[in-house]
Amino acid sequence: MEASAAEGRLSISEGVFLGHALVARVAESLGIRVFFIKGPASVIQGLRLPKVSVDVDVLVSPADLDSLVAGLYQRGWQKRVGEEDDRVFYKHSVTLNHPSWPCHIDVHFRFPGMERDPAVAFNVMWTHTEALEMAGRAVRVPSKELGVVLLALHALRSPHLKVSQQELRFLQGLLAREALGPAVQEISAATDALAAMRPFLEEILPRQAVAEWPEASREWRNRLFSREPGSARIIAILQAPLLDKPRMLGAALLPPDTAYLSQDPNVDLSPRGRRRAYVARWVRFVRASPRLVRDLAAYRKTP
């Protein structure tokens, strides 16, 4: 498998399928439980319309994250550089690239929208997984009911996008046809995802199916407000303790190299290249300013 990848003849689709088998093999060799989310499995299960996946999404318990990543490091995968400030961008996965593979691997250690302790939520989800054959190997994937929860939460992060709206309508139609609503509600409650799932579940559940809807967390609300990356940074600065604000503002005005590398791993970091990247960053900010103003106005209206 790895030799084929090294020869550089894999298409993206082939790489994604073989990537599932590779991660499953590494996890099995380490005695780690993993299951694969979104991606081609959701299409095979009828949870999504046909589409080509460009990455491998795998979910692992937080306690096993480092071991799984280390196992993939040993096979030539490397962590993609990203902006590391958790106060701005809430981390939920580690992205790995390989020079000889056409896809990347996203190793998730929690799922946004699920407010329960990530390790506990993983154990809850694990009881709702099943085996599916991919690239000649049996891998663990979500049950249809859990798959609906994960796909709905993913779409609900950006409900303003047309692709998210289409995906939510498709899932709502599926639940109506197959009567999956009660099971989806049960999994949402067990992982403390009811607050995030509320806009989706209210459309498919009978009235009063949920006695009292919980409040969404600050993290989830911030995700909904931050349609632009710049919005996320401004909101994080506004919410930060007073002593942290100067350092965060400085990083926004004079970003470290990781800010540029997260956008383009091959960015030119010579003095001239940094100047070009800095100017381009501000041009993007100015062009996005009307959307930033709308995001911040919505944020200011919340209690």
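The model is a predicted one, so local features need pLDDT of at least 70 and side-chain atom pairs count only at pLDDT 80 or more, while totals for chains, interfaces and linings use all residues. Residues are numbered from 1 along each chain as its sequence is written, and side-chain values rest on heavy atoms, with hydrogens and water left out.

The patch covers about 560 Å² of surface and is made by Leu249, Leu253, Leu254, Trp282, Phe285 and Val286. To join a patch, a residue needs over 30% relative accessible area and no salt bridge; like charges are joined within 9 Å, and nonpolar side chains (Val, Leu, Ile, Met, Phe, Trp, Tyr) within 5 Å. A salt bridge here is a side-chain nitrogen of Lys or Arg within 4 Å of a carboxyl oxygen of Asp or Glu. Areas come from the Shrake-Rupley method with a 1.4 Å probe, and for residues only the protein chains shown count as cover. Helix α14 gives the most, with three residues. Phe285 sits in α14 and, at a relative accessible area of 34%, is partly exposed (buried is under 20%, exposed over 50%, partly exposed in between).

Now to the aromatic rings. Rings of Phe, Tyr and Trp (its six-membered ring) pair up if their centres lie within 6.5 Å; planes under 30 degrees apart are stacked, over 60 edge-to-face, and the rest tilted. That rule gives five aromatic pairs. In one of them, Phe35 and Trp126 have ring centres 6.3 Å apart and planes at 50 degrees, so the pair is tilted. This pair ties together distant parts of the chain, 91 residues apart: Phe35 is in strand β1 (residues 34-36) and Trp126 in helix α5 (residues 118-126). Phe35 is buried, at 0% relative accessible area, whereas Trp126 is partly exposed at 23%.

Trp77 and Trp101 make up another tilted pair, 5.5 Å centre to centre with 45 degrees between the planes. Both partners come from loops, 24 residues apart: Trp77 between α4 (65-73) and β3 (78-79), Trp101 between β4 (93-97) and β5 (104-108). Trp77 counts as buried at 1% relative accessibility, and Trp101 is buried at 8%.

Back at Trp126, ring pairs link this residue with Phe35 and Phe122 into a cluster. Arg33 lies over the face of Trp126, 5.4 Å from the ring centre, and Arg140 also lies over the face of Trp126, at 5.7 Å. A charge sits over a ring if NZ of Lys or CZ of Arg is within 6 Å of the ring centre and within 35 degrees of the ring normal.

Technical notes
Helix = DSSP H or I, 4+ residues; strand = E, 2+ residues; numbered from the N terminus. Buried < 20%, exposed > 50% of the residue type's maximum accessible area, 1.4 Å probe, protein only.
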